[in-house]
Amino acid sequence: MADPGAESEPLLSGARGGGGGGRDCPAGSPGCRGVPVGPGAEARRALCFDQAVVFIEDAIQYRSIHHRVDSSSLRLYRWYYSDACQWILSLTIFLILFLAFIETPSSLTRTADVRYRSAPWQPPCGLTESIELLCLLVFVADVSVKSYLVGWAEFWKNLWLQAYLLVLVVSLLDWTVSLSLVCQEPLRVRRLLRPFFLMQNSSMMKKTLKCIRRSLPEMASVLLLLALHLCLFTMFGMLLFTGEKKDDGQAQERLTYFRNLPEALTSLLVLLTTANNPDVMIPAYSKHRAYAIFFVVFTLIGSLFLMNLLTAIIYNQFRGYLMKSLQTSLLRRRLGTWAAYQVLCSLSAEGGAAAQGVGVKAQDVLQVLHKVQLAGSHKQAIVEKLRSYGGDMMSADEFQKLFHEFDKRVIKQHPPRPEYRSPFLRSAQFLFSHRYFDYLGNLVALGNLVSICVFLVRDADVLPGDRDDFVLGILNCIFILYYLLEMLLKLFALGLRGYLVFLSNVFDGLLTIVLLVLEISTLAVYRFPHPGWKPEMLGLLSLWDMTRLVNMLIVFRFLRIIPSMKLMAVVASTILDLIKNMRAFGGILVVVYYVFAIVGISLFRGVVVAPGNSSLALDNGSAPCGSFEQLEYWPNNFDDFAAALITLWDVMVVNNWQVFLDAYRRYAGPWSKVYFVLWWLVSSVIWVNLFLALILENFLHKWDRRSHLQSLAGDPEAPYQMTVELLFRDVLEEPTEEELLAELSHHPHLRLRR
């Protein structure tokens, strides 16, 4: 239980008056005071340190400081945000989302093709429900701890926590209904609510979702203009293609693509994505050249102007709202460090340090820093700065600047190279650590790749059993020996730590070791290459399989050339940064996929049947060319969760998505088009454009700063950390001291004495 008296007293205090304007804490209004000496004073001092530690950790993680700050609550708070608890929570979220693959309808079949699919495994009633109940109980504990830590007043202000509680109540009620009906209920509402657990656990996903919601009005204006464009050209097309003769090009166009209003609208909507171009134009264009004008003008206005305008608006508006969200994150970071300063300042005042000046003791900051969970590079940089103060007092500005290290990119310093006394060894070290030695390695890798290509072209029409792998086997041995020699020489020149600091060296070294093991295994099983070298299969893999595996790894190893080309290196590092920082955007896509897949299963499960089992399913011989049946798209169905995900992916790519629209119109009804058009809007139009916006921002940032980073790191290959927050860091505004004090004054558990 928390000590009620601990929060009844002002835990922070600061004055607006005085020459400092609230900049430093007055000695007469300490925040953690209460008992000047004795065991009570030590307890107060420990509480102040714990508060400062938690506030700094909140600043590091961009968390809100509006939570309880008494001693028991702080212990619970740090335990909740420990790696173990967060790992358990993440595992629980993954587990409850993964249940969709094994619960009815199960995805545990070899194929999704309705013609060859065997009966899926049906889990017994209560198996997946038991796992789900355990997950829900973990979430109940999670929301209980969160609600307690923020307090009842903050709970009613936090819509996410209220929604969290509501989703849990609905899920538990629906779970009870499932057991009451012996798992035979027609719809499980809680399956649609599961992605919420993923969203509420990620602050960046919440920011992204908020930015998308605020960007929707601007997107809607262009979408309405796009809808108007579609409607006008649909009516114009139906009036234009009204042929009277059966063999007329107009009649063929009308009967194929403009038979009625829904068909015409669908045809032009698909043409907007260019998926059915030029098929939709050919019947009329083959009759008269002038008909091409209609389709060219439609594509110019819709695909080239309106769709790209929508991309520009999404990029501009989303970037603006994302920057606002990140500005709030920066305020949280500065607020956390400011609150820590105020707490430590009260310790200095209590200890009689006012005679030495106002501020905090460097020794107190150092003691707090040792308890803070912080990356080693950042902590080391802050400790080095702290030691420069000695026993002096730190002002508020100095304290804030001390923690500006959080905002800096992490640039790994190269460890010192081995020192050799022999002039010959020093010359060899210089030679094998020079970039020209890397260029030689790239040239050798290129030669290896060319040799593989030559043999692939030469033996393209030769069966694997008839090939003579003697020359290629000898070449592979030579190249692998060179790769091994190159790795050993670099280890000699750079040392083990210096070798491992380069990601390209780690990549090369791992592949070289794997290649060496494979080559030794090949020689041990099939002996040394000789003319006519094609022995029978021994062990698990044939000689051809072993050679093919080695060659695949050699081709993959050629990626080592990327760091040597500056533009290619910038593009590659942009991709890597995107992969690292796409958790929020990828999480939003997972949520959208999950919800649409569950809805698709509810709407279209079982509607696609194998040919011969229904009058709607045509066999391949009688199906029209380009139809669902003729193209054998049978695995694209919504009979289970995994199949639904792949079907949604195929539609998102929009290649041949008119085939899905037509097939599900025939199998499920014309209303099915609404589902697929909504999916196209959400996935291809909105999310893909958001992804494009992030790619542009990340690449431009990398391109503009590559020279500066090279000068800082001293090497173009020096790795550094890039996050979404750092991406916009230079354009964010620092919060003023008045804003920080005003925000602290509204803290529900901290009261400033004015």
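1. A helix here is a DSSP run of H or I with at least four residues, numbered from the N terminus. By that scheme, Lys146 and Asp142 both belong to helix α5, where four residues, about one turn of the helix, separate them. The model is a predicted one.

2. The side chains of Lys146 and Asp142 form a salt bridge, with 3.8 Å from N to O. Buried means under 20% relative accessible area. Lys146 has 16% relative accessibility, so Lys146 counts as buried. Asp142 has 4% and therefore counts as buried as well.

3. Glu629 and Arg666 also make a salt bridge, and their closest N and O atoms are 3.1 Å apart. This pair links distant parts of the chain, 37 residues apart: Glu629 sits in the loop between α24 (583–604) and α25 (641–652), and Arg666 in helix α26 (residues 657–668). Glu629 counts as buried because its relative accessibility is 0%, whereas Arg666, with a relative accessible area of 24%, is partly exposed.

4. One network, held together by salt bridges that share partners, joins Glu103, Glu129, Glu132, Asp174, Glu185, Arg188, Arg190, Arg191 and Arg194.

5. Arg188 and Glu129 form a salt bridge in which the closest N and O atoms are 2.9 Å apart.

Conventions: Residues are numbered from 1 along each chain as its sequence is written. This is a predicted model: local features need pLDDT of at least 70, side-chain atom pairs count only at pLDDT 80 or more; totals for chains, interfaces and linings use all residues. Side-chain values use heavy atoms; hydrogens and water are left out. A salt bridge is a side-chain nitrogen of Lys or Arg within 4 Å of a carboxyl oxygen of Asp or Glu. Helices (H or I, at least four residues) and strands (E, at least two) are DSSP runs, numbered from the N terminus. Buried means under 20% relative accessible area, exposed over 50%, partly exposed in between (1.4 Å probe, protein chains only).
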